[in-house]
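The following questions and answers are intended for a reader new to this structure. Please keep the sequence and the model in view while reading.

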Amino acid sequence: MIPPVLLELAWQFGLLSFLAIGGVNALIPEIHRRVVEMEHWMSNADFAQAFAIAQAAPGPNMLIVSVIGWKVSGVLGAFVATVAICAPSSVLTFAVAHVWDRFREAPLRVAIQHGLAPVTVGLVLASGYILARAADQTWAAFAITGATTALVLVTRVHPLWFLAAGALLGAFGAV
Amino acid sequence: MSAGPRPPIAAAAIPTRLALFLGFMQVGLQGFGGVLPFAHRMLVGQHRWLTEREFNEVLSLSQFLPGPNIINLAIIIGNRFRGPLGSLTACLGLMLMPFLIVIALAALYARFADLEWVRGATIGVSSAATGLIIAMGFKMTVPMKRIPWQIAVAGVTFVAIGLLRTPLLWTLAAMAPASVAVAWWAMRR
C-alpha cells in the first residue's frame, strides 16, 4: 500500500511539471500557493528555508522540490517529488524534440516564443516577490536581498559569493 | 598561415553513455546559482559535443517546453547521441549527486536548526538567493525594453501571480494564448 501522502506529492508535482513554462524559477509562486496555502505542508518560514537549502547545494534550482518532498515525507518523499517534477515534462520533451526541429523557422513557433517570453518574465519577478515576502522578515534581511539584486545587476561577481556573504552575515546575527 | 578552411568544431566523436553520465554529473556539481552556463561550457567548450549554434537551438527548445530546463536539455542531448537510454543516463548523471547533497543538507539543517547561527545563516542565504532571482527577472526584461505589449504582459502576469495569487493554470490559460496572439499580430504587421 503506497502512503497517500506520496501519491499526493506525485500528483501535485506531476501536474506542476506541465505548468513549468520558463523553468522552476517561474514556478515558485505556484509551488508556494499549493504547498503553503492549500496543502499546509509547511509554513512560510519553512518554505524560505527549503529555498535556502536548495540554493546552498550545487545543481539545478528544481532541488527546492526535493527539499519540500523530504520535509513532507522523508527521503522517499524527496525522491517521489523530484521524479514527479521531471518525468511528465521529460516524456513530452522526448516526444516533441524530433518533430520540433522541422518547424525551426515556422512563424507560429517564433510567435509562440515571443509571446511566452514576457509571461515568463512576469512569473520570475513574481517568484522574487513571493520569496522576499517569505524570507525577508527583518529590515536587515530585506537589505541583503536589495543589495544582492543591485550588485548582480551592476557587477559580474559569481552568484556563489552573494550566498556566502548572506550566510556569513546571517551566522553573525545580522538578520 | 594556412588558408584552408577551419576544421569543423562540431562533435568530434559521439560520446559514450559513461561520458554523458560523467559530463552531466560535472555540470550538476558545478552549478551553483544556475546550471545552464556550466552546461554550455561542458557541451560546447570542453567536449565539443555541440556547436554554439546547436547549443542555442537545443537551449531554446528546452526553455520553450514545460519542465526544468536543464532536464529537458539533458533529455534532448542524451537522446541525440545515445537514444532513450542516453537521455536517462544524462538525467541521472545530472541529478544524482545534487539530490544526495541537498538531502544531506536538509537533514543537517533539521538536526542543527536550534543553533542560532545556523538559523541566521539560512535566513541570510535565502535573502541573498531571493536577490539573485529578482535580478534574473530584471535581466530578462532587457530584451523587451522597447516592446510595450511585452512589458504589459509581464506586468499583468506579475500582478496576477504575485499579488492576486491567481492559480497558475488559469493565468497561463488566459495569458499565454493572448500574448502569442499579440506576438503573431505584431509580426504580421
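Questions on the chains, their contact and some single residues follow.

This is a predicted model, in which local features need pLDDT of at least 70 and side-chain atom pairs count only at pLDDT 80 or more, while totals for chains, interfaces and linings use all residues. Residues are numbered from 1 along each chain as its sequence is written, and chains are lettered from A and ligands numbered from 1 in the order in which they are written.

Q: How many helices and strands are there in chain A?
A: Helices (H or I, at least four residues) and strands (E, at least two) are DSSP runs, numbered from the N terminus. From that terminus on, the elements of chain A run α-α-α-α-α-α-α. The count for chain A is therefore seven helices and zero strands.

Q: What percentage of the 175 residues of chain A count as buried?
A: A residue is buried if 20 or more other C-beta atoms lie within 10 Å of its own, exposed if 12 or fewer, and partly exposed in between, with C-beta atoms placed from the backbone. The C-alpha trace of chain A spans about 55 × 50 × 25 Å along its principal axes. Of its 175 residues, the buried part is 55%.

Q: Which helix supplies the largest share of the side of chain A that touches chain B?
A: Two residues are in contact if their C-beta atoms, placed from the backbone, lie within 7 Å. The contact takes 87 residues from chain A and 75 residues from chain B. On the chain A side, α1 (4–19), α2 (28–38), α3, α4 (63–101), α5 (107–135), α6 (139–154) and α7 (159–171) each supply at least two residues. The largest share, 24 residues, comes from α5(A).

Q: How many residues of the side of chain A that touches chain B are charged?
A: Ala, Val, Leu, Ile, Met, Phe, Trp, Tyr, Cys and Pro count as nonpolar, Asp, Glu, Lys and Arg as charged, and the others, Gly among them, as polar. On this side of chain A, 59 residues are nonpolar and 25 are polar. The number of charged residues is three.

Q: Is the packing of α5(A) against α7(B) roughly parallel, roughly antiparallel, roughly perpendicular or oblique?
A: α5(A) and helix α7 (residues 168–188) of chain B pack with their axes 7 Å apart, at an angle of about 125 degrees; axes are lines fitted to C-alpha atoms, for helices over the stretch in contact, and angles run from 0 to 180 degrees between N-to-C directions. Angles under 35 degrees count as roughly parallel, over 145 as roughly antiparallel, 65 to 115 as roughly perpendicular and the rest as oblique. The angle of this pair therefore makes α5(A) to α7(B) oblique.

Q: How many nonpolar residues are in the contact of α5(A) with α7(B)?
A: Among the residues that meet are A:P107, A:V110 and A:L116 in α5(A) and B:M175, B:V180 and B:W184 in α7(B). The contact has no charged residues and three polar ones. Its nonpolar residues number 14.

Q: Which residues of α4(B) make the contact with α3(A)?
A: Helix α3 (residues 44–56) of chain A and helix α4 (residues 69–112) of chain B pack with their axes 9 Å apart, at an angle of about 135 degrees. That angle makes α3(A) oblique to α4(B). From α3(A) come A:Q49, A:I53, A:A54 and A:A56. From α4(B) come B:V102, B:L105, B:A106 and B:Y109.

Q: Why does A:T82 count as buried?
A: A:T82 is found in helix α4 of chain A. Not counting residues up to four places away in sequence, A:T82 touches A:V65, A:S66, A:G69 and B:F99. A:T82 counts as buried because the number of other C-beta atoms within 10 Å is 27.

Q: Which residues are in contact with B:M140, leaving aside its neighbours within four places in sequence?
A: The place of B:M140 is in helix α5 (residues 116–141) of chain B. B:M140 is buried, as 21 other C-beta atoms lie within 10 Å. Its contacts outside that sequence range are A:V121 and A:V124.

Q: Is A:H40 buried or exposed?
A: A:H40 lies in the loop between α2 and α3 of chain A. Although not a glycine, A:H40 has a positive phi of about 55 degrees. With 8 other C-beta atoms within 10 Å, A:H40 is exposed.
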